[in-house]
Amino acid sequence: MRLLCFQAKRFHWKTHSKTLPEVPDLEAEEEITDGVVIFVQAEASDTPEQQCDSIRRKAIKHIKWLANKRQLKNVVLHSFAHLGGETAEPGFAEPFIQSIADRLNQSGYRVQITPFGYFCEWDLSVYGESLAKVWKEIH
């Protein structure tokens, strides 16, 4: 799994075009303020079940760590299959990302997921500190 993480002042997104023909037609537009925005790439190597559980735990721990550095409770997970490496199949990636969101929600975070299977236009305003922009590769 690869994560590109931002401590964001503001993140606005809007569906632009569908990339997976099997997903439902959808027009969505949302915005959060003061949150962490996580560009997530699930990878083919994440799929063995024991590997999947470990990666999920590490990803959640990293997201919470970054959010807690600024006491942020809003989280956006954005599937972004452009971070390098071999991407996981959509049938794995979507529920895997959803499972991360579910666990974060159970921990008191307010989590949104951008529409899976869509390119989105977005506007991202990020805090200036180095920690506001973090790359993480999880094995």
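Guide: Let's begin with rings. Rings of Phe, Tyr and Trp (its six-membered ring) count as a pair if their centres lie within 6.5 Å; planes under 30 degrees apart are called stacked, over 60 edge-to-face, and the rest tilted. Before going further, please note that this is a predicted model, where local features need pLDDT of at least 70 and side-chain atom pairs count only at pLDDT 80 or more, while totals for chains, interfaces and linings use all residues. Residues are numbered from 1 along each chain as its sequence is written, and side-chain values use heavy atoms, with hydrogens and water left out.

Now find F6, F11, W13, F39, F80 and W122, which ring pairs join into a cluster. The ring rule gives a count of seven aromatic pairs. For F39 and F80, the ring centres are 4.9 Å apart and the planes stand at 50°, so this pair is tilted. Helices (H or I, at least four residues) and strands (E, at least two) are DSSP runs, numbered from the N terminus. F39 counts as buried because its relative accessibility is 2%. Buried means under 20% relative accessible area, exposed means over 50%, and partly exposed lies in between (1.4 Å probe, protein chains only).

Charged side chains also meet. A salt bridge needs a side-chain nitrogen of Lys or Arg within 4 Å of a carboxyl oxygen of Asp or Glu, and that rule gives seven of them. One joins E137 to R2, with N and O at 3.4 Å. This pair, too, links distant parts of the chain: E137 sits in strand β6 (residues 133-137) and R2 in strand β1 (residues 2-18), 135 residues apart. With a relative accessible area of 33%, E137 is partly exposed, whereas R2, at 16%, counts as buried.

Another bridge brings R10 and E31 together at 3.1 Å, N to O. Because R10 is in strand β1 and E31 in strand β2 (residues 29-41), this pair ties together parts 21 residues apart in sequence. R10 is partly exposed at 27%, and E31 is partly exposed at 38%. In the bridge between D25 and K18, the closest N and O atoms are 2.6 Å apart; D25 is exposed at 66%, and K18 is partly exposed at 33%.

Last, look for charges without such partners. Patches are made of residues with over 30% relative accessible area and no salt bridge, joining like charges within 9 Å, or nonpolar side chains (Val, Leu, Ile, Met, Phe, Trp, Tyr) within 5 Å. Areas come from the Shrake-Rupley method with a 1.4 Å probe, and for residues only the protein chains shown count as cover. Lys and Arg count as positive, Asp and Glu as negative, and His and the chain ends are not counted; a charge is placed at NZ of Lys, CZ of Arg, CG of Asp or CD of Glu. R57, K58, K61, R103 and K136 form a positive patch on the surface. Helix α1 (residues 49-68) gives the largest share of that patch, three residues. R103 lies in helix α2 (residues 90-106) and is partly exposed at 39%.
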